[in-house]
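Subject: Structure handover and first findings

Hello,

Here is the structure we talked about. Please open it beside this email and look up each residue as you read.

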Amino acid sequence: MKLHEHQAKGLLARYGVPVPRGRAVWTVEEAGQVANEIGLPVVVKAQIHAGGRGKGGGVRLARTFAEVETHARNLLGARLVTQQTGPEGRVVRRLLIEEGLDLQGSREMYMAVTVDRALARPILMASARGGVNIEDLAASEPEAIVRESVDPLAGLHGFQARRVALALGFGGALLAPATDFLLAVFRAFEGLDAGLVEVNPWLLTADGRFVALDAKLDLDDNALFRHSELAEMRDTSEESPLEVEAARHDLNYIKLEGGNVGCMVNGAGLAMATMDIIKLAGGSPANFLDVGGGASADQVRHAFRILIADPDVRAVLVNIFGGILRCDVLAEGIVAAARELNVAVPVVVRMKGTNEAQGQAILRGSNLAFETADDMADAAAKVVAAAGGPR
Ligand code: GDP
Ligand code: MN
């Protein structure tokens with residue numbers, strides 16, 4: 001789960017990471033009030049779950065209260081397009097009003113802590129070349145990024161943080177504050193069960209202070225049960241509505257670009273096999289809805305509803321192995337959904353396993369136009385044809 005910049009900074013501050021003074025606002029009026037509290041100049045920053053705001057016009061310096069109001073008015077409710085939002089952009093619903101630091105004589109670096117999946121350990125990364133897009137830097141100048149792999153049990157050692165600070169050129173009087181900054185961010189990464197903490201720019205001010213000028217925080221959804229307070233920070237308006245709806249019913253919905261077959265499956269392995277066989281038949285999936293191991297008929301009904309709410313779907317393939325989820329329960333759910341929703345797209349059902357015969361009987365008895373398939377290749381060929389043929 002992603003957090004907004006203002007939430008990330010608030011949490012980092014609790015772990016001793018220096019951040020600029022600031023507060024989130026939802027209205028033009030509040031923007032003025034907060035600017036008044038903080039004092040001019042301020043930076044007005046659009047809060048969306050995407051970066052690249054600087055170049056996209058989502059970060060604006062205000063030297064007067066009139067400018068605060070103009071920027072807030074122009075940003076709130078606007079659709080901000082950045083390199084990371086895609087052409088449709090994101091609607092700005094909240095702003096961060098923050099003390100405007102003087103960047104004259106300052107330096108912008110980069111630092112992040114994330115999980116190195118290959119080593120299955122946390123990794124601290126830093127670069128003296130901050131502010132820029134780090135993916136570009138990693139591609140063009142990988143040696144400009146310093147890396148320190150962290151033992152998950154011991155945590156980040158002081159000597160490791162010092163090594164990184166020194167590699168970036170922070171010796172002498174800057175060594176202690178740079179090291180403290182890195183250690184504090186690592187403590188936050190650990191304490192919050194984060195998957196990523198990224199500070200870019202990591203600022204060194206002209207008077208020698210290290211500050212997180214921008215912060216990105218990605219939390220591990222599987223650890224949220226330990227952090228009820230963090231779970232409440234979720235901004236579902238920034239997430240895909242169908243994914244949010246699926247999560248509400250304990251279902252896993254994945255949208256795919258460019259396809260037209262809606263897929264209902266159980267289990268990630270079957271999802272991948274289903275994708276392969278649809279592709280082999282010349283088609284392309286529009287989405288996946290994984291109902292998991294032991295779904296109820298009600299969950300299946302919701303799954304079906306979410307699946308066909310995707311406007312790209314021209315035909316649906318239900319490919320289920322009945323284990324804990326029995327085929328008769330599945331069939332009941334599908335029939336209920338198809339009746340309730342007046343499903344207009346063709347539906348191909350392939351189910352195998354527990355109570356298969358009862359499931360088939362329920363489908364036939366419904367008098368709804370389901371097409372059934374015996375094996376996966378047959379199911380794929382039928383659904384691709386129903387969706388309008390190979391693409
Ligand atoms: P991003 O583009 O979405 O990553 O947003 P950032 O928070 O990184 O801001 C982009 C740029 O805005 C930074 O690289 C800075 O150059 C500038 N910026 C951000 N905060 C301040 C500030 O307090 N003062 C000034 N002068 N510039 C700022
Ligand atoms: Mn940034």
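Below is what was found, from the whole chain down to single residues.

Keep one thing in mind from the start: this is a predicted model.

**The chain as a whole**

The chain contains 14 helices and 18 strands. Its C-alpha trace spans about 80 × 50 × 40 Å along the principal axes. How many of the residues count as buried? Of the 391 residues, 48% do. Residues 24 or more positions apart account for 69% of them.

**The manganese ion**

Start at the manganese ion, which is ligand 2. Which protein atoms are its donors? They are O of Asn200 and OD of Asp214, at 2.2 to 2.3 Å from the ion. Asn200 sits in strand β10, residues 194-204, while Asp214 sits in the loop between β11 (210-212) and β12 (215-219). The pair therefore ties together parts that are 14 residues apart in sequence.

Is Asn200 buried or exposed? Its relative accessible area is 14%, so Asn200 is buried, the cut-off being under 20%.

Asn200 has another feature. Its peptide bond to Pro201 is cis, with omega near 5 degrees. Pro201 is placed in strand β10.

**From Asp214 to Arg53**

Asp214 also turns up among the contacts of Arg53. Arg53 is in helix α3, residues 53-56. Its relative accessibility is 7%, so Arg53 counts as buried. Leave aside the neighbours within four places in sequence. Arg53 then touches Glu5, Lys45, Ala46, Gln47, Ile48, Gly58, Val59, Leu80, Thr82 and Asp214. Click through that list in the viewer.

**Helices α2 and α4**

Next, find helix α2 (residues 28-38) and helix α4 (residues 65-75). Their axes come within 9 Å and cross at roughly 145 degrees. The crossing of α2 and α4 is right-handed. Which residues meet there? From α2 come Val28, Ala31, Gly32, Ala35 and Asn36. From α4 come Phe65, Val68, Glu69, Ala72 and Arg73. The residues of this contact divide into six nonpolar, two polar and two charged.

Now look at the loop between α2 and β2 (42-46), where Pro41 lies. A cis peptide bond joins Leu40 to Pro41, with omega about -5 degrees.

**Helices α12 and α13**

Go on to helix α12 (residues 327-341) and helix α13 (residues 356-365). How do their axes run? They come within 7 Å and cross at roughly 15 degrees. An angle under 35 degrees counts as roughly parallel, so α12 is roughly parallel to α13. This crossing is right-handed.

The α12 side of the contact is Cys327, Asp328, Ala331, Glu332 and Val335. The α13 side is Glu356, Gln358, Gly359, Ile362 and Leu363. Sorted by type, the residues are five nonpolar, two polar and three charged.

- Asn342 is in the loop between α12 and β17 (347-353). Its phi is positive, about 55 degrees, although Asn342 is not a glycine. Is Asn342 buried or exposed? Its relative accessible area is 66%, so Asn342 is exposed.
- Asn355 lies in the loop between β17 and α13. Its phi is near 60 degrees, again a positive value in a residue other than glycine. Asn355 has a relative accessible area of 25%, so it is partly exposed.

**Leu183**

Last stop: Leu183, in helix α7 (residues 175-191). What does Leu183 touch, apart from its neighbours within four places in sequence? Its contacts are Leu156, His157, Gly158 and Ala161. Also try a distance in the viewer. Leu183 and Ile123 are 60 residues apart in sequence and 12 Å apart in space, C-alpha to C-alpha.

**Where to begin**

Begin with the manganese ion and its donors, Asn200 and Asp214. Then follow Asp214 to Arg53.

Best wishes

Technical notes: Residues numbered from 1 in each chain as written. Chains lettered and ligands numbered in written order. Predicted model: local features only at pLDDT ≥ 70, side-chain atom pairs only at ≥ 80, totals over all residues. Heavy atoms only, no water. Axes fitted to C-alpha atoms, helices over the stretch in contact; angles between N-to-C directions. Helix = DSSP H or I, 4+ residues; strand = E, 2+ residues; numbered from the N terminus. Parallel < 35°, antiparallel > 145°, perpendicular 65-115°, else oblique. Left-handed = near helix turned anticlockwise from the far one by under 90°. Contact = heavy atoms within 4.5 Å. Nonpolar A, V, L, I, M, F, W, Y, C, P; charged D, E, K, R; others polar. Donors = N, O, S within 2.8 Å, 3.2 Å for Na, K, Ca; no water. Buried < 20%, exposed > 50% of the residue type's maximum accessible area, 1.4 Å probe, protein only.
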